[in-house]
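Here is a short report on how one chain folds, packs and pairs its side chains. The sequence and structure come first.

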Amino acid sequence: MWKRVLREATVRQPWSMLASKRCLSSPPTSKSAAVDTLLLRNLKEHYVEVSKMNPPPKMNPPSEFSIVKGALDGNGPVLTRTYGNEEIKLSVMRMAYAVPGSGEDDENDEDMNQLFLHVDVSKPGQDKSLHFLCGLYPDALGVHSVSLRPKHDSADFLEVTATYSGPQFAELDERMRDAFHGFIEERGVDEKLFNFLQAWLYVKEHRSLMRWFKTVGTYINENKPAKSS
């Protein structure tokens, strides 16, 4: 969604071409100042444009889950819940960003309806937790892999470990695959999470893009070359 906004804005006003055409004949100092001014103006215009975009309707997760405090500003788990003596943590990103080479066509809405879900199931006193990597869709959830990994407070769910993490999920027989699906569904991990996580990602992406415009603009503005005496 946000990548599409940036692309359309760039088509309307290609920054690098404008800067190079206007500044070719300028002295180095004035050229740098002109480029900075042009970039700052464009950053501000796009910041204002994105700030006017309407957020999705506010949604709550299924009642058994709680939103992790500060999740919108970090890269860790989004939702958590307890199930007996287990702690369940869910992290999410778009499938298009998690799988290299996918989602190259931003105008394909199907890419936005495919989420990559990491499910972490941990127990007290255990130094490892059970990790499920899943594809989450509006009407289905599919398990891609299951592994035991060292327990971390903020595990990166794309981390590749050197130790054996188990067989390919597709190579397991159907009864075992069904049993693993039943295991996480019993813990509330199913397609009913999609609408909330989809809306949550839109909000996170919007905030991240707004922050990017602001921090890049601040950096350019605060690091202008000093005037020669």
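Strand 4 (residues 115-122) and strand 5 (residues 128-137) run antiparallel, joined by seven bridges. Leu117 has Cys134 of strand 5 as its bridge partner. Strands count as paired if DSSP finds at least two bridges between them. Strands (E, at least two residues) and helices (H or I, at least four) are DSSP runs, numbered from the N terminus. The model is predicted: local features need pLDDT of at least 70, side-chain atom pairs count only at pLDDT 80 or more, and totals for chains, interfaces and linings use all residues. Residues are numbered from 1 along each chain as its sequence is written, and side-chain values use heavy atoms, leaving out hydrogens and water.

Strand 3 pairs with strand 4 through eight bridges, in the antiparallel sense. Here Glu87 faces Ser122 of strand 4. Strand 2 and strand 3 also run antiparallel, with five bridges. Leu79 has Leu90 of strand 3 as its bridge partner. The hairpin of strand 2 and strand 3 has two residues between the strands, and Gly84 takes a positive phi near 65° there.

How enclosed is strand 3? Seven of its nine residues are buried, so strand 3 is largely enclosed by the rest of the structure. Buried means under 20% relative accessible area, exposed over 50%, and partly exposed in between, with a 1.4 Å probe and protein chains only.

**Helices on the sheet**

Contact means heavy atoms within 4.5 Å.

**Nonpolar cores**

A nonpolar core is a set of buried Ala, Val, Leu, Ile, Met, Phe, Trp, Tyr and Cys residues joined through side-chain atoms within 4.5 Å. The largest has 27 residues. Leu90, Leu117, Val119, Val189 and Leu197 have the most contacts inside it. Strand 3, strand 4, strand 5, strand 6 and helix 7 each supply at least two residues of this core. Helix 7 gives the most, with five. Another core, of five residues, lies apart from it; Leu43, Val50, Leu209 and Phe213 are among them.

Leaving aside residues up to four places away in sequence, Val119 touches Ile88, Lys89, Leu90, Leu130, His131, Phe132, Cys134 and Val189.

**Salt bridges**

A salt bridge is a side-chain nitrogen of Lys or Arg within 4 Å of a carboxyl oxygen of Asp or Glu. The count is five.

| Pair | Closest N and O atoms |
|---|---|
| Asp73 and Arg211 | 2.9 Å |
| Glu86 and Arg187 | 2.7 Å |
| Lys192 and Asp190 | 2.7 Å |

Glu86 lies in strand 3 and Arg187 in the loop between helix 6 and helix 7, so this pair ties together parts 101 residues apart in sequence. Glu86 is buried at 7% relative accessibility. Arg187 is buried too, at 9%. Asp73, by contrast, is exposed at 52%, and Arg211 is partly exposed at 37%. Asp73, Arg207 and Arg211 are linked in a network of salt bridges. Lys192 is exposed at 58%, whereas Asp190 is buried at 9%.

**Aromatic pairs**

Rings of Phe, Tyr and Trp (its six-membered ring) pair if their centres lie within 6.5 Å; planes under 30 degrees apart count as stacked, over 60 as edge-to-face and the rest as tilted. There are four aromatic pairs. Phe132 and Phe180 pair edge-to-face, at 6.0 Å centre to centre and 70° between the planes. Phe132 lies in strand 5 and Phe180 in helix 6, so the pair ties together parts 48 residues apart in sequence. Phe132 is buried, with a relative accessible area of 0%. Phe180 is partly exposed at 23%. The rings of Phe132 and Phe183 have centres 5.8 Å apart and planes at 20°, so this pair is stacked. Phe132, Phe169, Phe180 and Phe183 form one aromatic cluster.
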